[in-house]
Amino acid sequence: MAEDVTGVRHSGPAAARRIAGRALLGVTAAVVAVAGSAMPADAAPVPDRPIAGTPVAFAPADDADRPDQARDEQWQLDELNAEAAWRLSTGRGVTVAVIDSGVDGTHPDLVGQVLPGYDLVTPGGGPEADPVGHGTTVAGLIAGRNDDKQGVVGLAPDARILPVRVLDDENRYDDALIVARGVRWAVDNGARVINLSLGGSGDSPALAAALDYAFARDVVVVACTGNVASSTTSAVWYPAREPGVIAVAGLERNSENLWSGSITGRATVLTAPATGLVGARPDGYWRVQGTSFAAPLVAATAALVRSRYPKMSAGEVVNRLISTARDIGPTGRDDRFGYGLVDPVAALTADVPPVTSNPLDDNTSPGVVGFGPAPGLDQDNPVTGVGDPLGFTAPQHQTRWNARPAGAQDDTAPERLWTGAALFVALVTGAALMVRRLRQQSR
């Protein structure tokens, strides 16, 4: 280092010009990098990272009768005509399982909405019900309270949330078996709709068996198709591509355009809003985007239908959702939008011919037998017999995959732009001082 510094000090005018040029080139490169990072989040995929960052700072309303900013920004409710849907159904009496990072039931928007759940990551429970916030956001989009004019309101505000934690503190899981266990537990504890805002690239025999168990027990299962930025392939994630599951892709805000960060493909069934959303999180709110947050809007719609038609089978609910979707893109079902944008009002009111099975499930149901008891909280009473505690016989290595949730904080452009501007000023000032010093030394 000392030799390099000495060389610069005595290098003369030509070297000084070269150093100055390199400094300015470095500034230019930094400016380009800053400009790129300042692009609106809805114009580029979100980097693959756990949800973390600065929460949205919404000022509280002056009184309980005045709407606040979080409520004002629930644009997805207008897009899906929620007010009209609520005149027909609010999801009362329906339990929706959120298999995710946990749910903070103490959040003001979720107080009284969350049932006792199951933590498969930290048996016995950890210090925080949801250390990440992802599951709380999903739960709020489904069943946030609608008894005042503040905060986030869910599309099915009178539904109840059954939280099942399968994502760790880094918002990930490495083994699909944990999700399979969560699905089984949710089914056996009253879930009529299951939301899976997560997935991975590989298939899982154990999870497939758990999903078949859910179908056999008359449960609607909804999953996200995945995000481009979080994937190594362009294929729809698993379990969304499992036959019988409603695979949900994401749309841009206030448009019928597919979100640029949404994975889509032949397995896509429905679409829903995915960007510019404000969600509940422990200790506040944040802006989010991702197919993780499109899926719960479809799960909530399923809850609305199951509440209005309590004797309707899961297969008929699925058929009603796809039959009444608003067709966007090419006429009919297509590989980008599936059957189209979920339409809660049409799903609640349209005259739809009955069906006898789930139209998305092309597999013969294995029935309930052969699955073994569901995993319980009593770990000292393991299931006897061949296979793992779930009754699955798939080898352990077949269930391992790299998986993640399909959502991330929506970093808005203004904050990033101010950061970039500060960095630019600092770099320019530093470069100017360097050039001045080099010129003085070369005289």
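How many salt bridges does the count come to? The count comes to 11 salt bridges. The model is a predicted one, and the exercises below work through parts of it.

**Exercise 1.** Work out how the axes of helices α7 and α8 are oriented to each other, and which residues meet.

*Solution.*
- Start with the geometry: the axes of α7 (residues 176-188) and α8 (residues 205-216) come within 8 Å and cross at roughly 15°.
- Angles under 35 degrees count as roughly parallel, and α7 and α8 are therefore roughly parallel to each other.
- The handedness of this crossing is left-handed.
- Now look at the contact: residues of α7, including L177, V183 and R184, meet residues of α8, among them L207, L211 and Y213.
- Sorted by class, this contact has 12 nonpolar, no polar and two charged residues.

**Exercise 2.** Find which residue forms a salt bridge with E73, and what parts the pair ties together.

*Solution.*
- The partner of E73 is R287, with the closest N and O atoms 3.2 Å apart.
- E73 sits in the loop between α3 and α4 and R287 in strand β11, so the pair ties together parts 214 residues apart in sequence.
- Next, check accessibility: E73 has a relative accessible area of 15%, so this residue is buried.

**Exercise 3.** Decide whether each residue of the D169 and R165 salt bridge is buried or exposed.

*Solution.*
- In this pair the closest N and O atoms are 2.7 Å apart.
- D169 has 56% relative accessibility and so counts as exposed.
- R165, in contrast, is buried at 4%.

Technical notes
Residues numbered from 1 in each chain as written. Predicted model: local features only at pLDDT ≥ 70, side-chain atom pairs only at ≥ 80, totals over all residues. Heavy atoms only, no water. Axes fitted to C-alpha atoms, helices over the stretch in contact; angles between N-to-C directions. Helix = DSSP H or I, 4+ residues; strand = E, 2+ residues; numbered from the N terminus. Parallel < 35°, antiparallel > 145°, perpendicular 65-115°, else oblique. Left-handed = near helix turned anticlockwise from the far one by under 90°. Contact = heavy atoms within 4.5 Å. Nonpolar A, V, L, I, M, F, W, Y, C, P; charged D, E, K, R; others polar. Salt bridge = Lys/Arg side-chain N within 4 Å of Asp/Glu carboxyl O. Buried < 20%, exposed > 50% of the residue type's maximum accessible area, 1.4 Å probe, protein only.
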